[in-house]
Structures are given as C-alpha cells and as structure tokens.
Amino acid sequence: MVVRPFGGLTNEMKKSNASTDSDPGPSLRSVNSYLEKNFPDFFAEARFQVGDDDYFLYVRFGQYLARSIEQNRAPRDKINRGFTVLNKMARASARHPRIRQMLVSGPLEYIVDAPKARALALKRLSPVAQGYLESLCE
C-alpha cells in the first residue's frame, strides 16, 4: 500500500479500489444497449414496468426468452440474439460477481425450467454460461 504524507489515495490505490468495486453498472451498459437495440419493444415495456432495476430487467428477459422458445413464437435469429445477450452477461460476470448472480438467479432460472429452452441453451450458450446453467440443474 502506498501512503502519502498528507493522506489521500494515490492513483495506484484508486485503480485497485476500482477493480474490487462490486457495481456492475458500466459492464452492463453494453449488454443493456445490445438488448435495447435487438429487443426494443421488450426493453421499453420492461423498463416501463421495472424502472432502472437491471436485475428485474434480466429476470423478465429470461422469462420472455424461455417462453418464446417454448411456444415457438420467435424467429431463430431473434432467439440467437437472446442467447447473445446471455453470453455477453456471462463474459461480464468474470469481472463482476454481481452480474453472475444476476444471470444465474434471473434469466437462467427460467431457461432451466423450460425443457425446449434448456436443450437449445446447451447448444447456443458459451461454455461459461453453460457452466452456470448446469450448476442450476444439479
């Protein structure tokens, strides 16, 4: 640790504190913008209902994706983009445990409970996201 004569933090200390910050906000921005761009109707409706709470946004997204797969209501490219959202979250979860918690206790729980969605997820999700999904199946 670097101590300055008159207190305060050095740049080195600020960087180390920033890396341990549990706020996933900046990492979720790119996922949120991808979600908004590819699912504008869902995003607008969910934001209207849940406000700025990202946890509930992604819970609803998991529910929406699983239901769309189970009921064959969405085209294949839309479903693939839905799995891209989950894969982006899984990538961001490596840096932020809170995103991992959000992914596992939110959208992946709905995927696990839907047989068609779970089977498709095992083909479309990244290895990291598949590991989270398999941990829920145990």
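**Exercise 1.** In which helix does serine 93 lie, and is serine 93 buried or exposed?

*Solution.* Start with the ground rules: this is a predicted model, where local features need pLDDT of at least 70, side-chain atom pairs count only at pLDDT 80 or more, and totals for chains, interfaces and linings use all residues. Residues are numbered from 1 along each chain as its sequence is written, and side-chain values use heavy atoms, with hydrogens and water left out.

Step 1: serine 93 belongs to helix H5 (residues 76–93); helices are DSSP runs of H or I, at least four residues, numbered from the N terminus.

Step 2: serine 93 has a relative accessible area of 1%, so it is buried (under 20%; exposed is over 50%, partly exposed in between, with a 1.4 Å probe and protein chains only).

**Exercise 2.** Work out how the rings of phenylalanine 42 and phenylalanine 61 are arranged.

*Solution.* Step 1: recall that rings of Phe, Tyr and Trp (its six-membered ring) pair if their centres lie within 6.5 Å; planes under 30 degrees apart are stacked, over 60 edge-to-face, and the rest tilted.

Step 1: the whole structure holds six aromatic pairs. In the pair of phenylalanine 42 and phenylalanine 61, the centres are 5.5 Å apart and the planes stand at 65°, so this pair is edge-to-face.

Step 2: Phenylalanine 42 is in helix H3 (residues 40–50) and phenylalanine 61 in helix H4 (residues 54–70), 19 residues apart.

Step 3: Phe39, Phe42, Phe61 and Tyr64 make up one aromatic cluster.

Technical notes. Helices (H or I, at least four residues) and strands (E, at least two) are DSSP runs, numbered from the N terminus.
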